[in-house]
Amino acid sequence: MHISKFRIHNYKSYLDSNDVNLESGINIITGQNNAGKTALLQALSLHFVDSPHRSTKTISTQLEKVKSESSIYLEFNISKEDFVNYIFNDFTQFLIPHSDHVEQRYYNNRGFIDTYLQGNNILQVTFPRHGAGIKSAVLKQLPQGHPTMCYKFNLNKDLKSFQYVNSFNAPSSFHTIADLLKQRVYFFHAERLSLGSCAHGVNNVLSPTASNLPEVLNILQSDLNRFERYNRYIRKIFPQIFRVSVIPRENNRVEVVVWNEDPELERNDLVVPLDQCGTGLGQVLAILYVVLTSDIPKIIIIDEPNSFLHPGAARKLIEILKEHSQHQFIISTHSPSTIAAANPKTINIIKNREAQSYIEAIDVEETNQQQLYLAEIGAKLSDVFGADNILWVEGKTEEICFPKIIETTSNLSLMGTSILGVKNTGDFQSKNSGLVFDIYKKLSVGKGLMPAAVGFVFDKEELTERQIKDLERKSGKKVHFIGRRLYENYLLNPQAIFEVLNEIDMINISQEDVDNWIEQNKWKRKFISQENAKIKTQDNWLEKVDGANFLSALFSELTKSKVCFDKIKHSVALTEWIIENSIEDLKELQDLLTQILKPSTSN
């Protein structure tokens, strides 16, 4: 039993959401801030008031009145087994209006469809072409002061156990079903709730607001095995907590307390009231209670678990939810780690354009495939999630340094672009380079959670002009090469090297030592080819020398092997010094990045 489809009309940022499909298990809702995620969850909670959409689409002039009625259409999928086990048991008899009171009857390929009017309710029941069983029913409720609720019940196997009622004024069982399902929807907001204490009672059903959490946990304590399992789940999410329990208080009240010390110490004077603990703990206690104690399937809606939980705790909560697949979970999140942990059945991304929220279904299989591609190239969904586009670069050094260079470039900023180092640039120069580029293309197209690739920036290495042209063609003109052999070639500033070396403890080298070493070694064959050494100009040397090996040898020999050149650590330090003191050394890179990130202004 789960919500299989919904459609929101005229509620907050939604003028019309169009039909959105959901599945049993975990469903993810994601999108940017203020896109409409919380409004969507509020509508699905079935506990909301009219809040009409306001934009030029609904109010074209200041004098025009807005249409006040909000509505939601919900379609439930209920198997015959679930209906008999979890719904039919709530009735002494199952009633639908007798055909004598049909307001309207018509026939289509599904069978006969009867429509009944009853006060503020409209009920439409579909009978299969063969047999008397009910196939589906649509109930539209129009209660005063509340949004319109339209429920559809799909029975995936014919249900034949029902009784007609001759009196048209007798309430239909479908109306009761609608109320029953409404009670089985829980909405956990991303806000602090006062859950610590309440009046003692005997109700073991958690209220929709979770306000009676101490009452239901007090009853759960008597179920020793289940309460112990409940505490094991809590310890899994919050390892620092030994257990929770409920204790009596004055005025016939009960209070939830937290044991941060081992209960075997028998120090109940050290317990901490739940109200004095962090926001996330109370939320998790309430969620786990519903998940663990509800044998009847529930619809559990959770708004932004990462807003009240550490990412690690949120992932553990998701893993526990996955163990209880009889429930349907609808979770909004910004967190890529939560999405990855959930392995969701559906993903819907909310986008807001022109003051209106739109819901776009994401192909889960495509998203899973993209995560496999990411793993293959050494990246994670968290590296790219939420970015507008990606610039793939040579490696980790460029991944760190290029944003620093962009920050110093006038009229240029990342503005939503993620810069990521590729796992192995040698793949791009292999015989299979076409296949490698194909992987990156697949990561950047389609309706997955991956943004588009704005381009690739690689070192020239010792590629020929023909090889460069070939890679440009295979990449669809998206690959770009820096003007020098390696990124480290831009860092061969003698003063920068001197300053970085002397920041290291126990190293005392003069500027003259650095200058002399460079002049004595710059044209050696181990750093530059004989052909390139024939053209002895400074520009030619900076372009053609093996900058990484040159810096490695310089660091090692000048420090008498006390310091080995760290490609990332020392390259970043050299970059930062050059940005601060000699930014003109990086002008060529600034121009290249401007050309890629702002192509219209660089022409």
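Strands here are DSSP runs of E with at least two residues, helices are runs of H or I with at least four, and both are numbered from the N terminus. This is a predicted model, so local features need pLDDT of at least 70 and side-chain atom pairs count only at pLDDT 80 or more, while totals for chains, interfaces and linings use all residues. Residues are numbered from 1 along each chain as its sequence is written, and side-chain values use heavy atoms, with hydrogens and water left out.

That bridge belongs to a parallel pairing of E4 (residues 25-31) with E19 (residues 328-332), held by five bridges; two strands count as paired if DSSP finds at least two bridges between them. Ile29 stands opposite Ser332 in E19. On E19's other pairing, E18 also runs parallel to it over five bridges, and there Ile300 is partnered with Phe329. To get from E18 to E19 the chain passes through helix H7, making a right-handed β-α-β crossover (clockwise from the first strand over the helix to the second, with the strands pointing away from the viewer).

Now step back to the whole sheet. It is open, with six strands in the order E13-E18-E19-E4-E20-E21 and mixed pairing. E13 (185-188) and E21 (356-362) sit at the edges with a single partner strand each, so one side of each has no neighbour in the sheet. From one strand to the next, the twist averages 20°.

What about E19 itself? Five of its five residues are buried, so the rest of the structure largely encloses it; buried means under 20% relative accessible area with a 1.4 Å probe, protein chains only. In a regular strand, side chains alternate between the two faces of the sheet. Here Gln328, Ile330 and Ser332 point one way from E19, and Phe329 and Ile331 point the other way.

Beyond its neighbours within four places in sequence, Leu321 is in contact with Ile287, Val291, Ile302, Phe329 and Ile331, contact meaning heavy atoms within 4.5 Å. Leu321 is also among the residues with the most contacts inside the largest nonpolar core, which has 70 residues; such a core is a set of buried Ala, Val, Leu, Ile, Met, Phe, Trp, Tyr and Cys residues joined through side-chain atoms within 4.5 Å. Helix H6 gives this core its largest share, ten residues. A second, separate core has 49 residues, including Leu492 and Leu554.

Key: Axes are lines fitted to C-alpha atoms, for helices over the stretch in contact, and angles run from 0 to 180 degrees between N-to-C directions. Buried means under 20% relative accessible area, exposed over 50%, partly exposed in between (1.4 Å probe, protein chains only).
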